[in-house]
Amino acid sequence: MPTFEDFNLPKSVQKAVDELGFTTPTPIQEKSFSVIMSGRDMMGIAQTGTGKTLAYLLPLLKMYKFTPTDTPKIVILVPTRELVVQVTEEVEKLTKYMSVRTLAVYGGVNINTQKTAVFQGIDILVGTPGRVMDLALDNYIRFDETQKLVIDEFDEMLNLGFRPQLTSILAMMKPKRQNILFSATMTDDVDAVLNDFFDFPEEVTLSASGTPLENIEQLAYNVPNFNTKINLLKHLLQNDEQMSRILVFVNNKRISDMLHDKIDEEFPDQFGVIHSNKSQNYRLNTMAQFQEGNLRGIITTDIMARGLDISDITHVINFEMPETPEQYMHRIGRTGRADATGTALSFVTPREEEGKIEIEMLMNKELPIVAFPAEVAISTQLIGPEKEKEKVKFLLKKPKLDGDGAFHEKSAKNKKVNLGGPSKTKKKTSGSVNRNLLRSQTKKRNNKK
């Protein structure tokens, strides 16, 4: 069995790896190492939770050489603020015994503070595409010495609409550099960017997109409606003591706040809520409270479905089925990490059945259905989309009929008689008016005769 010592890492990096307690590389770390060390562009396809961060950091740190410049030699782009913080922490742990200056930049905080930090010099820059581009356009960050570019969770960046920022950053960089890209799924958009900016990248594939993680038990409940889902979730929380570290996924910010209010009524101060409208400090504090065991769970949108490494999550609950099948894989990948086991539960209403089938087709595996608990109350109260749509009313009212079925007489304002004269809506040409007037006068004269 290979070990990290087989990588012949510098003593400073190996000492940091030993202190972190890492001994055996994961398959993606083992496969990526030699490719990245060769200097070729690389495209890595790997599931979430497989150790991608160390897969690119270890070879990059082995190749790293100090040069007396203040511009970043390594640039790492990730899609979310939380992931920036997480990757930066990993870099700082691995470079504990190296002379490396690392800077994290992301939106949602004062850009002037980050501009000041840039002047202190950067060796490794970790950031979101938007804030890195802002700093580069203002000429605070230059890429003159950038030799290595890492783009992590690339498909998620494109889903979030970061393609213009990414292409702008790529255009600012010198062509001679090594590109390292990691993505959980291979899409047409990913292919397009690869063709435009990468130089014959070598593909490293850990497993096919959509392959379910083997150490995650996946189950589903058929639930009639949204409010019954709330009753089911409360029931499971009350009766299953193994649900000790939980992530509950919903599809939007409004639902996450509403669900948190409902759960907090019976489980006060046990759950946090995270979505993009929450401030950066609030989100980081909530994650820290969860990591330290002060919270039983977090109710969140898909902002926490990608990349984040939160240890020992026992259950992932799809309170709402995700909007894309691939997103299901990212959600459930928050549990069952690092050879641990986990459980993923999905609450499926009739409206979500089609999405469930698409997920099963992607995985080539059916989700086992668990019998709905008899003691859980079935709610009859429906929310917006579940309510029966009202019949569309005709915009044009039908004419009213009197008791005998005849039309009512016109109202006084509609009894106007058209006395002729020029039209108010469409002007006729003078020639046309004269010809019509002449015909009318001729006809009158003929009638008199």
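The buried residues of helix H3 are Lys52, Thr53, Leu54, Ala55, Tyr56, Leu57, Leu58, Pro59, Leu60 and Leu61, where buried means under 20% relative accessible area, exposed over 50% and partly exposed in between, for a 1.4 Å probe and protein chains only. Thus 10 of the 12 residues of H3 are buried. Helices (H or I, at least four residues) and strands (E, at least two) are DSSP runs, numbered from the N terminus. The model is predicted: local features need pLDDT of at least 70, and side-chain atom pairs count only at pLDDT 80 or more, whereas totals for chains, interfaces and linings use all residues. Residues are numbered from 1 along each chain as its sequence is written, and side-chain values use heavy atoms, with hydrogens and water left out.

An open sheet of 7 strands has the order S10-S11-S9-S12-S13-S8-S14, with parallel pairing; two strands pair if DSSP finds at least two bridges between them. Strands S10 (271-274) and S14 (369-370) stand at the edges with a single partner strand each, so one side of each lacks a neighbour in the sheet. S8 (residues 216-222) is joined to S14 by 2 bridges, and alanine 220 stands opposite isoleucine 369 in S14.

Strand S12 pairs in the parallel sense with S9 over 4 bridges and with S13 over 4 bridges. Phenylalanine 249 stands opposite asparagine 318 in S12, and histidine 315 is opposite threonine 343 in S13. From S12, His315 and Ile317 point one way and Val316 and Asn318 the other way; all are buried.
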